[in-house]
Amino acid sequence: MNLPSKRGITYPLAIANGNLAVSTDLDLVREHIISVLETRPFERVFRADYGMPDQVFSVIQPEIIDAKIASAIEREVTELEDLRVQGEWYAGEDGLYNVNIYYTVDGIPQPSLSLTLVA
C-alpha cells in the first residue's frame, strides 16, 4: 500500500487497554466514511459543516440522494478513488434508506459498506 501509514481514533469511540482505541490505514478510511454518514451538521462544534446534511432526504429519487451522499463523503474523505453510491428506499419501513458504498483506496478495491440510514 502506497499510502503513508495513518492512525486515528477509532469510530465509534472504543477503549483498548485503558486508552482510546486507534485505527490505521484502510480501517481508518472505512470508519471515516461511516462517521461522515452518521454525523449531522453542527454536531461538531469546530467543524459545523462536517457530515451529511439533513436535507439529503428532502427528495425521494434515489439517484439524487445517492449523489448527495457521495458529495458529503468525497468532501471529507480524500483518500477515496472511484467512489460509487447505490441506494434505495427500504420496502416495508417508512423513512429507511438502504445504501451500498463501493470505493477504492490506492488502486485497491475495498469491501463495500452496506448501511441503513434513517431519513
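Colleague: Let me start with one residue. Is Glu 31 buried or exposed?

Modeller: Glu 31 is buried, because its relative accessible area is 7% and anything under 20% is called buried. Keep in mind that this is a predicted model.

Colleague: Where is the place of Glu 31?

Modeller: Glu 31 belongs to helix H1, which covers residues 25-38.

Colleague: Which residues does Glu 31 touch, not counting those up to four places away in sequence?

Modeller: When reading contacts, we set aside the neighbours along the chain. With residues up to four places away left out, Glu 31 touches Ile 9, Thr 10, Tyr 11 and Ser 23.

Colleague: Let's follow one of those partners. Where is Ser 23 found?

Modeller: Ser 23 sits in strand E4, residues 22-24. Ser 23 is buried too, since its relative accessible area is 7%. Its contacts, again without residues up to four places away, are Lys 6, Arg 7, Gly 8, Thr 10, Leu 28 and Glu 31.

Colleague: With which side chain does the side chain of Ser 23 make a polar contact?

Modeller: The partner is the side chain of Thr 10, at 2.9 Å. That is a polar contact because it is a pair of N or O atoms within 3.5 Å, one able to donate a hydrogen and the other to accept it.

Colleague: What else can be said about Lys 6?

Modeller: Lys 6 lies in the segment before E1. Its relative accessible area is 33%, so Lys 6 is partly exposed. Beyond four places in sequence, Lys 6 touches Ser 23, Thr 24, Asp 25, Leu 28 and Glu 79. The side chains of Lys 6 and Glu 79 are joined by a polar contact of 2.3 Å.

Colleague: And Tyr 90, where is its place?

Modeller: Tyr 90 is in the loop between strand E5 (80-89) and strand E6 (96-105). Its relative accessibility is 38%, so Tyr 90 counts as partly exposed. Leaving aside neighbours within four places, Tyr 90 contacts Leu 96, Tyr 97 and Asn 98.

Colleague: What kind of peptide bond joins Tyr 11 and Pro 12?

Modeller: A cis one, with omega at about -5 degrees. Pro 12 is in the loop between strand E1 (7-9) and strand E2 (15-16).

Colleague: What is the phi of Asn 17?

Modeller: Asn 17 has a positive phi of about 55 degrees, although it is not a glycine. Asn 17 is in the loop between E2 and strand E3 (19-20). With 80% relative accessibility, Asn 17 counts as exposed. Asp 25 also has a positive phi, near 45 degrees. Asp 25 lies in helix H1 and is partly exposed, with a relative accessible area of 22%.

Colleague: Let's step back. How many helices and strands does the protein have?

Modeller: There are two helices and eight strands. From the N terminus on, the order is β-β-β-β-α-α-β-β-β-β.

Colleague: What radius of gyration does the protein have?

Modeller: The general idea is to set the value beside that of a compact globule. For 119 residues such a globule would have a radius of gyration near 14 Å, and the protein has 15 Å, so the two agree. The C-alpha atoms fill a box of roughly 40 × 35 × 25 Å along the principal axes.

Colleague: How much of the protein counts as buried?

Modeller: Of its 119 residues, 34% count as buried. The accessible surface is about 7,300 Å², and 52% of that belongs to carbon and sulfur atoms.

Colleague: Last one: how many positive and negative side chains are there?

Modeller: The protein has 9 positive and 18 negative side chains, and the centres of the two sets lie 6 Å apart.

Key:
Residues numbered from 1 in each chain as written. Predicted model: local features only at pLDDT ≥ 70, side-chain atom pairs only at ≥ 80, totals over all residues. Heavy atoms only, no water. Helix = DSSP H or I, 4+ residues; strand = E, 2+ residues; numbered from the N terminus. Buried < 20%, exposed > 50% of the residue type's maximum accessible area, 1.4 Å probe, protein only. Contact = heavy atoms within 4.5 Å. Rg over C-alpha atoms; globule rule 2.2 N^0.38 Å. Areas by Shrake-Rupley, 256 points an atom, 1.4 Å probe, with all protein chains shown as cover. Lys, Arg positive; Asp, Glu negative; His and termini not counted. Charge placed at Lys NZ, Arg CZ, Asp CG, Glu CD.
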